[in-house]
Amino acid sequence: MSTKVALLGFGTVGKGTYNALTTNAAEIERKTGKKVEVKKILEINPKVIESGYAPKELFTQDFDAILADPEIKIVAEIIGGMDLAKEFILRALRAGKHVVTPNKAVVAANFDLLHKAAAENGVQIRYEASVGGAIPVIETIRKSLVANRITKVEGIVNGTTNYILTKMEEDNISYADALKQAQAKGFAEADPTADVEGIDSANKLSILIAECFGVYIKPTDLDRTGISKLTRDDLRLAVQNGCKLKLLASAERLEDGTINAFVKPTQVPMESPLSTVRNEFNAIYLHCNMADKILLTGRGAGKDPTGSAMAADIVDLA
Ligand code: HSE
């Protein structure tokens, strides 16, 4: 018997999730003894449906039928955006389905609401793919580092901006051209303002703070500066200072419980491994009272890396 999953949306991450589950189906079964099958894909765009990426008979426009299907135990929300995504997540949870999402904006803005809805309905909301793309950071915080007090979390959590800064510095191209490349590669949000103004990083930092410290801070309450005003001169100046300019997200829990958190362009010394994180790669340092410092790094955006993290949550739930 296989566990049946529905995907809501078949854009970049939808395709990546489908790809990870189908290409590596045998690998998943070998490791877990479980079969996971995509039973339905909610999608309205005829071009996407006709693309041949997934069999046409999987596609539906009927969300209610997905909710009413007792075989479908897991729903992956991958439509993006805010209001409709939130509504779909809540309706799926209330229908008794586990929900998996890469939607950091919705998770960060509704952290308590979504967890409460999941708990009330005896299901889980999972969002490994929402922070750091392929990097298994939430799993690491929750499981591998469970016996640690995490005192600080810091890193590079937006692929688009790291890609832009890398290309501006290494290829000497303009901010606008670098952004266009990041969009063409499928790294950027639908509205890249969220990336370049640090909003996406603040969403991810809010989630990391909640996971690491058990405290919820609204992303809109975090200090935030983006990269849209940076010039190639700023990047050159950082190098002259023996540093690399990176959009850093950081949160530190002080002894008295206060949390100091920010997202801002920061000169990172060359000695720090964070300075060597290039292109769309992300990296997250976890400062722990037992394990000491743990550095996790990997591709922070893109179809298959994000699909890998989505599939991990889906298989774990299965
Ligand atoms: N726009 C995001 C980024 C996608 O560039 O990091 C992955 O969350």
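The model is predicted. The protein covers 93% of the 250 Å² of accessible area that the ligand has on its own, and the residues around the ligand include Lys-104, Asn-158, Gly-159 and Lys-204.

**Ligand site**

- A polar backbone atom of Gly-159 lies 2.7 Å from an oxygen atom of the ligand, while an N or O atom in the side chain of Lys-204 is 2.8 Å from an oxygen atom of the ligand.
- For Asn-158, a polar side-chain atom is 3.5 Å from an oxygen atom of the ligand.

**Helix H1**

- Helix H1 (residues 12-23) has 12 residues, which at 1.5 Å a residue should span 16 Å, and the expectation agrees with the model because the end C-alpha atoms are 16 Å apart.
- The buried residues of H1 are Val-13, Gly-14, Lys-15, Gly-16, Thr-17, Tyr-18, Ala-20 and Leu-21, and they pack against strands S1 (2-8) and S2 (35-42) as well as helices H2 (25-32), H3 (46-49) and H14 (303-317).

**Strands around S10**

- Strand S10 (residues 259-269) runs parallel to strand S8 (residues 223-224), to which 2 bridges join it, and Asp-223 has Phe-262 as its bridge partner in S10.
- Strand S9 (residues 243-253) runs antiparallel to S10 and is joined to it by 11 bridges, with Leu-248 standing opposite Lys-264 in S10.
- S9 and S10 form a hairpin with 5 residues between them, and Gly-257 in the turn has a positive phi of about 90°.

Definitions and conventions: Residues are numbered from 1 along each chain as its sequence is written. This is a predicted model: local features need pLDDT of at least 70, side-chain atom pairs count only at pLDDT 80 or more; totals for chains, interfaces and linings use all residues. Side-chain values use heavy atoms; hydrogens and water are left out. Helices (H or I, at least four residues) and strands (E, at least two) are DSSP runs, numbered from the N terminus. The expected span of a helix is 1.5 Å times one less than its number of residues. Buried means under 20% relative accessible area, exposed over 50%, partly exposed in between (1.4 Å probe, protein chains only). Contact means heavy atoms within 4.5 Å. A residue is near a molecule or strand if one of its heavy atoms lies within 4 Å of it. A polar contact is a pair of N or O atoms within 3.5 Å; within protein, one must be able to donate a hydrogen and the other to accept it, and residues adjacent in sequence count only if both atoms are side-chain atoms. Accessible areas come from the Shrake-Rupley method with a 1.4 Å probe; for residues, only the protein chains shown count as cover. Two strands pair if DSSP finds at least two bridges between them.
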